[in-house]
Amino acid sequence: MSGMRKHLGYFRQAMVDMNRFMPFLLWGKLLTSIAEGVLQVWQPVLTAEIFHLSEGMNLRILLRSFGYPVTFWQGMKYAYIGFFFSSITPSSTGGQPAQLYAMKKDGIELAHGTLALIAELTSFQVAVFFMEVAAVKAIVQGKVRPSGELLILAVLGFLLNILFIAGLLSVLFSHRMKDGLLRFLSGAVDRLPMIKNKKKWKERADGAFCDFQTCADLIRKDPKVMGKVIAVSLCQVVCWFSVPYMVYLAMGENAAGYPQIFMLQTVLFMTTALLPFPGAAGISEYAFVKLFSDLFVKHPIAAATLVN
């Protein structure tokens with residue numbers, strides 16, 4: 001009987017000790033789960049953040065090549081201003097004007113700021129073009145199979161990007177196009193009755209175009225500048241197009257590999273980025289659902305769309 005009481009005493013003491021240490025064990029598991037969740041969430045967040053970091057670095061590289069002592073934080077300021085105002089204006093039209101305003105406040109001439117933005121956009125589209133070529137090859141080889149309407153949109157987007165890059169390069173380096181634009185502006189000034197001092201406006205436009213051309217010549221004579229910018233843009237696009245894969249892993253999916261998801265994201269960009277759809281956000285979500293619905297098997301595709 002005494003032995004039974006002794007064993008019951010041991011058991012009771014063990015239960016008391018377990019009650020004491022159980023909260024610590026539960027908190028340990030909870031903190032471990034929270035840490036794992038934070039790491040899973042921060043991977044796509046940090047990958048997406050490289051998009052802004054790259055734009056800020058490119059604007060800094062270009063503006064410093066024009067002679068402006070732009071700091072790293074100024075470049076990041078221009079990148080975030082562009083992203084914010086593009087997000088809240090129709091068809092993302094407010095980003096570049098807001099960036100030019102911020103640059104002008106920092107003492108950067110409008111012509112030089114405009115050239116930096118055009119050169120940065122050109123490098124981004126060139127980097128995207130390299131990814132699109134790989135996506136077209138994957139489509140031809142049958143590794144990626146977008147449905148009928150998305151395939152048509154992807155082809156149109158690919159061709160439109162080629163034309164867009166050609167237009168941007170013409171604006172950057174074509175003297176004939178800039179002369180034509182200057183003549184057009186001069187004619188518009190002559191025809192607008194509300195402009196009184198027409199000579200002053202023409203001289204101002206001519207000076208801005210001369211400044212633009214001077215900096216464009218600097219870029220053309222020093223190809224290392226655009227080489228650096230395009231290299232940064234390649235890293236920017238690769239990280240940006242990798243966000244869906246990071247989200248895919250964070251949601252516990254493992255049915256597809258990185259190359260497939262990267263190519264699907266490239267096709268998604270081809271179908272929606274440059275084509276003039278009304279309500280572009282809606283078509284982006286629709287295309288994401290159509291392209292990725294077969295890959296998300298553990299969670300609803302709607303949740304993946306929102307997280308992405």
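Residues are numbered from 1 along each chain as its sequence is written, and side-chain values use heavy atoms, with hydrogens and water left out. Because the model is predicted, local features need pLDDT of at least 70 and side-chain atom pairs count only at pLDDT 80 or more, while totals for chains, interfaces and linings use all residues.

The secondary structure of the protein chain consists of 12 helices and zero strands, where helices (H or I, at least four residues) and strands (E, at least two) are DSSP runs numbered from the N terminus. Along the sequence, the pattern therefore reads α-α-α-α-α-α-α-α-α-α-α-α. Of the 308 residues in the protein chain, 37% are buried; buried denotes under 20% relative accessible area, exposed over 50%, and partly exposed the range in between (1.4 Å probe, protein chains only).

Two helices were compared with their expected span, defined as 1.5 Å times one less than the number of residues. Helix 5, residues 148-173, has 26 residues and should span 38 Å; the C-alpha atoms at its ends are 38 Å apart, in agreement with that value.

The buried residues of helix 5 are Leu150, Leu153, Ala154, Gly157, Phe158, Asn161, Ile165, Leu168 and Leu172. Val171 also belongs to helix 5, but is partly exposed because its relative accessibility is 23%. The C-alpha atoms of Val171 and Ile118 lie 8.4 Å apart in space, although the two residues are separated by 53 residues in sequence.

In helix 2, the buried residues include Gly75, Met76, Tyr78, Ala79, Ile81, Gly82 and Ser86. Ser86, located in helix 2, counts as buried because its relative accessibility is 18%. A polar atom of the Ser86 side chain is 2.8 Å from the backbone oxygen of Gly82. Another serine, Ser233, is situated in helix 8 (residues 223-241) and is buried, with a relative accessible area of 0%. The side chains of Ser233 and Ser123 are joined by a polar contact of 2.8 Å. A polar contact is a pair of N or O atoms within 3.5 Å; within protein, one atom must be able to donate a hydrogen and the other to accept it, and residues adjacent in sequence count only if both atoms are side-chain atoms.

Side chains of opposite charge can pair when their charged atoms come close. With a salt bridge defined as a side-chain nitrogen of Lys or Arg within 4 Å of a carboxyl oxygen of Asp or Glu, the count is two. In one of these, Asp106 pairs with Lys77, and the closest N and O atoms are 2.9 Å apart. This pair links distant parts of the chain, 29 residues apart: Asp106 lies in the loop between helix 3 (95-105) and helix 4 (110-140), whereas Lys77 lies in helix 2. Asp106 is partly exposed at 31% relative accessibility, and Lys77 is partly exposed at 33%. A salt bridge also connects the side chains of Glu109 and Lys104, with an N to O distance of 3.8 Å. Glu109 has a relative accessible area of 38% and is partly exposed; Lys104 is likewise partly exposed, at 41%.

On the surface, Leu53, Met57, Phe72 and Trp73 form a nonpolar patch with about 400 Å² of accessible area together. Helix 1 (2-65) and helix 2 (72-88) are the elements that give two or more residues to this patch. Patches are made of residues with over 30% relative accessible area and no salt bridge, like charges being joined within 9 Å and nonpolar side chains (Val, Leu, Ile, Met, Phe, Trp, Tyr) within 5 Å; accessible areas come from the Shrake-Rupley method with a 1.4 Å probe, and for residues only the protein chains shown count as cover. Met57, in helix 1, is partly exposed with a relative accessible area of 33%.

The structure holds zero disulfides, a disulfide being a pair of cysteine sulfur atoms within 2.5 Å. Cys235 is in no disulfide, and the nearest cysteine sulfur, that of Cys239, is 6.6 Å away. Cys235 is partly exposed, with a relative accessible area of 48%, whereas Cys239 counts as buried at 19% relative accessibility.
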